[in-house]
Amino acid sequence: MTTASTTGTAAIATRPRLTERARSERRLGWMLSAPAVIVMLVVTAYPIVYAIWLSLQRYDLRFPDDRKLVGLRNYGAVLGNEVFWQDLTSTLVITVISVVVELVLGFALAWIMYKAIFGRAIVRASLLVPYGIITVVAAFSWRFAFDPTTGFVNGLLNTDRSWFSASWTSYLVIIATEVWKTTPFMALLLLAGFTLVPDDVVKAARVDGASAWQRLTKIIIPLMKPAILVALLFRTLDAFRIFDSVYVMTRGAQNTETLSILGYNTLITRLNLGLGSAVSVIMFLLVILIAALFVKGFGADLAQQRGER
Amino acid sequence: MRRRGRRETSELRRLAPLLVVLTLIAAACGSGGGEGGVPTLHWYSYDEPGGSYVDAAKACTAAAHGRYRIDLVTLPNDADQQREQLVRRLAAKDSDIDLISQDVIWTAEFAQAGWILPFPKAEATKVTKGRLKPSVQTATYEHRLFAAPFTSNTQLLWYRKSLVPHPPTTWGQALRDTQRLDQQGKPHQFQVQGQRYEGLVVWFISLLESAGTTVLDKTGTKVVLATKPTERALSVMRDLSRSSAAPAALSTAREDDGRLAWESGSSAFMVNYTFVWPSANTNAPDIAQDMGWARYPGIAGGGPSKVTIGGFNLGVGAFGHHTDLAFQAAACLTSEKNQIDAAIKGGLLPTTEALYDDPKLTDATQDVTDPSGKTKKVKSFPYADVLKATLADAVLRPQTPFYNDVSLAISRTLHPTNHIDPQADVQRLRDAIKRALKGEGLL
């Protein structure tokens with residue numbers, strides 16, 4: 001008994017030394033999470049490390065004998081090429097425009113879902129239908145709708161425009177497809193944000209004589225800020241990796257080629273693993289950069305809330 | 001609780017024999033034994049919709065008398081997608097691929113990578129005997145035959161007999177004809193392939209060779225593109241694209257878009273493959289009646305046109321377990337009988353030169369129903385003599401393992417065709433192709 005109690009107090013005094021029970025619990029914890037950790041390592045960490053390793057080599061599947069380490073030369077070739085910058089620009093154009101439009105529309109839809117008095121379940125479910133459709137299927141239906149010979153859009157608008165033969169109309173249809181498809185997702189995240197706003201605060205503001213616009217901009221949006229940032233982060237990262245719609249509609253013609261399509265062309269069509277992996281790794285870094293910028297936005301906001309209010 | 005538990009175990013016990021059977025089936029499939037030990041050769045190809053490939057596989061299986069059987073494994077219809085699927089498997093040394101339907105432009109790439117095998121001498125002689133010289137060249141890389149020539153095709157100039165009494169022999173004449181028709185208020189469009197893809201490269205190379213120069217030298221490693229002829233070829237592309245003869249959607253037009261527009265009656269000319277003939281007869285019989293055909297237009301002062309050859313050859317995968325049998329099967333599948341069959345059922349033209357004069361081909365007919373409901377017979381290959389003459393001195397696209405990159409470099413530099421600047425673009429083309437040949441840079 002006494003020995004047991006002395007080891008117990010020693011464990012409290014020097015923190016690294018754990019009790020038998022705590023140690024076995026920790027071991028159990030590791031064992032329970034080990035399968036998940038191993039799966040994560042195999043399916044995400046290994047491919048990422050392998051892609052980085054490939055990006056440092058000259059490696060074309062058609063010329064397996066010419067394989068050799070070339071350091072950062074592939075990155076130089078990618079960053080020094082006009083195609084990369086053009087594709088980055090078109091990716092950013094699609095990302096920024098579609099996310100902004102989605103935010104505005106998503107806000108409106110979330111408001112409708114939040115305020116719907118009757119048929120709430122049906123309103124919510126029907127708004128989510130586009131998000132449930134597979135992207136390739138959605139892209140094909142939009143492509144066929146805008147086709148000059150088989151589509152109905154030209155008939156409705158009374159033109160005989162060939163939508164995918166000019167750059168700006170191609171962008172228009174691609175962005176419209178993205179917006180149609182993913183606005184529901186945005187709305188869903190923003191709906192969660194609306195529930196963060198306590199009714200009492202809004203009511204108090206109304207009693208104090210704040211107009212509807214003031215209530216929206218001074219009370220609701222600031223309180224929803226974390227939810228808005230999360231929604232924006234998710235959608236920006238998603239839109240930045242856009243592939244399906246562009247591949248189905250233009251295959252990258254009319255300057256609509258995005259970074260994902262560039263990576264696909266280099267890796268899958270040209271079988272240039274070195275160069276293609278460099279494109280992928282650069283995309284990965286850009287995604288991390290975007291995420292970091294958003295997270296920094298969060299951090300500042302949270303600190304502000306804690307410090308001042 | 002106990003009752004439910006017992007029921008679950010008894011269900012498991014009942015399922016056990018089924019599981020055993022499933023495992024056995026899986027094991028049998030895995031061993032790849034096929035029927036009674038007869039080796040199965042997998043022929044990776046798109047499925048010709050007329051059914052001639054399936055029939056050829058059946059006929060050759062029967063002719064092999066139990067030495068092998070051929071199974072058609074179907075690939076997508078689009079040639080780019082076929083290539084994507086094939087190279088992914090071949091790069092991973094897939095032993096399931098015994099026979100490959102290869103687009104004529106893949107030979108160098110597949111051969112250089114070691115994905116297909118050169119034909120042994122006896123088989124090589126057999127599958128090249130009497131075949132069109134350009135077709136044999138498309139299957140040859142570094143003096144060795146890597147595929148059996150199977151089908152061929154090339155473009156003709158299609159025109160409306162009522163609008164154009166004498167078919168033009170040069171692009172310049174054709175353009176003047178369209179201007180005359182435009183002034184008379186008659187159909188005057190010229191359908192060509194202007195989308196950023198392989199079809200644009202085919203148009204460019206036909207013009208370039210007709211003007212008297214080539215993309216690469218004989219070794220396939222150096223860029224030629226002589227300045228004056230290249231400028232002439234590029235001028236033709238630009239002038240047509242900026243003229244009133246250019247269709248509104250030229251920058252997205254592929255072969256099939258041209259066919260659709262042609263059948264609507266808006267055009268005086270079209271350069272396209274021979275599939276437009278049966279299609280027009282079926283969809284637009286009045287247009288078909290007015291349809292004439294002539295050799296592809298040339299460049300003024302350059303002699304007769306040199307037209308790019310297309311088609312499919314049959315290669316033997318390097319990682320299959322029965323390559324000796326695959327060579328025999330390739331010879332059987334590309335026999336004259338199967339070539340005629342592919343022509344009549346699928347409109348795929350032969351590579352054996354003599355077949356272009358064979359009555360089985362020249363007298364073949366198809367039934368056509370016109371809008372009034374009357375059925376009549378129309379010759380399937382009335383253009384056989386023009387096509388034979390064109391194919392006899394057809395030209396190849398550059399034979400280099402980097403062809404895919406070279407093709408991308410060309411189509412990216414020249415698209416959209418109405419923005420071509422002949423003087424400046426010669427150098428841009430040379431630079432882009434040089435980069436492609438080094439396998440460097442993005443395209």
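This is a predicted model: local features need pLDDT of at least 70, side-chain atom pairs count only at pLDDT 80 or more; totals for chains, interfaces and linings use all residues.
Six residues of domain 1 of chain B are in contact with six residues of domain 2 of chain B. The model scores ipTM 0.72 and pTM 0.80.

**Domains**

- In chain B, domain 1 is assigned residues 40–152 + 310–362, and domain 2 is assigned residues 156–308 + 402–437.
- Between the C-alpha centres of these two domains of chain B, the distance is 29 Å.
- Chain A also has two assigned domains: domain 1 covers 2–55 and domain 2 covers 81–308.
- The centres of domain 1 of chain A and domain 2 of chain A, taken over C-alpha atoms, are separated by 39 Å.
- Where these two domains of chain A touch, domain 1 provides five residues and domain 2 provides six residues.

- Look next at β7 (residues 156–160) of chain B, which pairs with β10(B) in the antiparallel sense over four bridges.
- Two tryptophans can guide your eye here: W158(B) stands opposite W293(B), which is in β10(B).

- Helix α17 (residues 403–414) of chain B has 12 residues.
- From its first C-alpha to its last, α17(B) reaches 16 Å, close to the 16 Å expected at 1.5 Å a residue.
- How many residues of α17(B) are buried? The count is 10 of its 12 residues, and the helix is mostly covered.
- Among the buried residues of α17(B) are Y403(B), N404(B), D405(B), V406(B) and L414(B).
- The cover comes partly from another chain: α13 (259–269) of chain A is included in what covers the buried residues of α17(B).
- Chain B contributes to this cover too, with α3 (79–91), α8 (198–211), α9 (227–242) and α18 (422–437).

**A threonine to find in chain A**

- You will find T177(A) in helix α9 (residues 167–194) of chain A.
- Is T177(A) buried or exposed? Its relative accessibility is 2%, so T177(A) counts as buried.
- Leaving out residues up to four places away in sequence, T177(A) touches A138(A), A139(A), W142(A), S245(A) and M249(A).

**Confidence along chain B**

- Chain B has a mean pLDDT of 90, with 91% of its residues reaching 70 or more.
- Which elements of chain B have the lowest and the highest mean pLDDT? The lowest is helix α1 (residues 2–31) of chain B, at 52, and the highest is β7(B), at 97.
- Over residues 1–8 of chain B, pLDDT stays under 50, and the model has zero contacts beyond four places in sequence for them.
- Residues 28–34 of chain B also have pLDDT below 50, and this stretch has three contacts in the model beyond near neighbours in sequence.

Definitions and conventions. Residues are numbered from 1 along each chain as its sequence is written. Chains are lettered from A and ligands numbered from 1 in the order in which they are written. Side-chain values use heavy atoms; hydrogens and water are left out. Two strands pair if DSSP finds at least two bridges between them. Buried means under 20% relative accessible area, exposed over 50%, partly exposed in between (1.4 Å probe, protein chains only). Contact means heavy atoms within 4.5 Å. pLDDT is the predictor's confidence in each residue, from 0 to 100. The expected span of a helix is 1.5 Å times one less than its number of residues. Domain bounds come from an automatic or database domain assignment.
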